[in-house]
Amino acid sequence: MDLIILFFLCRKIGKISREKGLRALKWQLFTILSWFIFAAIGMNIAMGWLGYREIKTVEEAFAFVTKNPGASMFSLFCGFGGYLLVRYILEKKESPL
């Protein structure tokens, strides 16, 4: 689900960056990178809130996500925050005259 959302958000970032006269691919890559960094931070925060201190195997990670779907949604919202940060930085850039 998050990859579908990220696809459409990258299209939006590409449109904004082209309007500003900037390279779209660069800003789309920033969006993808910030999305995954913020989503990972969000997942770690959710794990801490729920009392998970260490996950050693993939099976433990899968069990955590299936037992706590709210943590996945929190991670998704944090990833969206990464997109909002990139969009804010991009919108603050000067437009060509």
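View 1. Trp49 is exposed, with a relative accessible area of 64%; exposed means over 50%, buried under 20% and partly exposed in between, with a 1.4 Å probe and protein chains only. The model is predicted, so local features need pLDDT of at least 70 and side-chain atom pairs count only at pLDDT 80 or more, while totals for chains, interfaces and linings use all residues. Residues are numbered from 1 along each chain as its sequence is written, and side-chain values use heavy atoms, with hydrogens and water left out. Rings of Phe, Tyr and Trp (its six-membered ring) pair if their centres lie within 6.5 Å; planes under 30 degrees apart are stacked, over 60 edge-to-face, and the rest tilted. The count by this rule is five aromatic pairs. One of them is the tilted pair of Trp49 and Phe74, with 5.2 Å from centre to centre and 55° between the planes. Trp49 belongs to helix α2 (residues 24-49) and Phe74 to helix α4 (residues 69-92), so the pair ties together parts 25 residues apart in sequence. Helices are DSSP runs (H or I, at least four residues), numbered from the N terminus. Phe74 is partly exposed, at a relative accessible area of 26%.

**View 2. The ring pair Tyr52 and Phe64.** The ring centres of Tyr52 and Phe64 are 4.6 Å apart and the planes stand at 75°, so this pair is edge-to-face. Tyr52 sits in the loop between α2 and α3 (58-67), and Phe64 in helix α3, twelve residues apart, so the pair links distant parts of the chain. Tyr52 is partly exposed at 29% relative accessibility, whereas Phe64 is buried at 2%.

**View 3. Helix α2 and its cover.** Helix α2 has 26 residues and reaches 37 Å from its first C-alpha to its last. That is close to the 38 Å expected at 1.5 Å a residue, where the expected span is 1.5 Å times one less than the number of residues. Its buried residues include Trp27, Thr31, Trp35 and Met43. The buried residues of α2 are covered by parts including α1 (2-19), α3 and α4; contact means heavy atoms within 4.5 Å. Gly51, which follows α2, has a positive phi near 90°.

**View 4. Ala39 in helix α2.** Ala39 lies in helix α2 and is buried, with a relative accessible area of 13%. Leaving aside neighbours within four places in sequence, Ala39 is in contact with Ser75, Cys78 and Gly79. Ala39 and Gly82 are 43 residues apart in sequence, and their C-alpha atoms are 8.0 Å apart in space.

**View 5. Ser17 in helix α1.** Ser17 is found in helix α1 and counts as buried at 0% relative accessibility. Not counting residues up to four places away in sequence, Ser17 touches Leu22, Arg23, Ala24, Trp27 and Leu90.

**View 6. The packing of α1 and α4.** The axes of α1 and α4 are 11 Å apart and meet at an angle of about 5°. Axes are lines fitted to C-alpha atoms, for helices over the stretch in contact, and angles run from 0 to 180 degrees between N-to-C directions. The two helices are therefore roughly parallel, a term for angles under 35 degrees. Residues in this contact include Ile5, Leu9 and Ser17 of α1 and Phe80, Tyr83 and Leu90 of α4.

Methods:
Angles under 35 degrees count as roughly parallel, over 145 as roughly antiparallel, 65 to 115 as roughly perpendicular and the rest as oblique.
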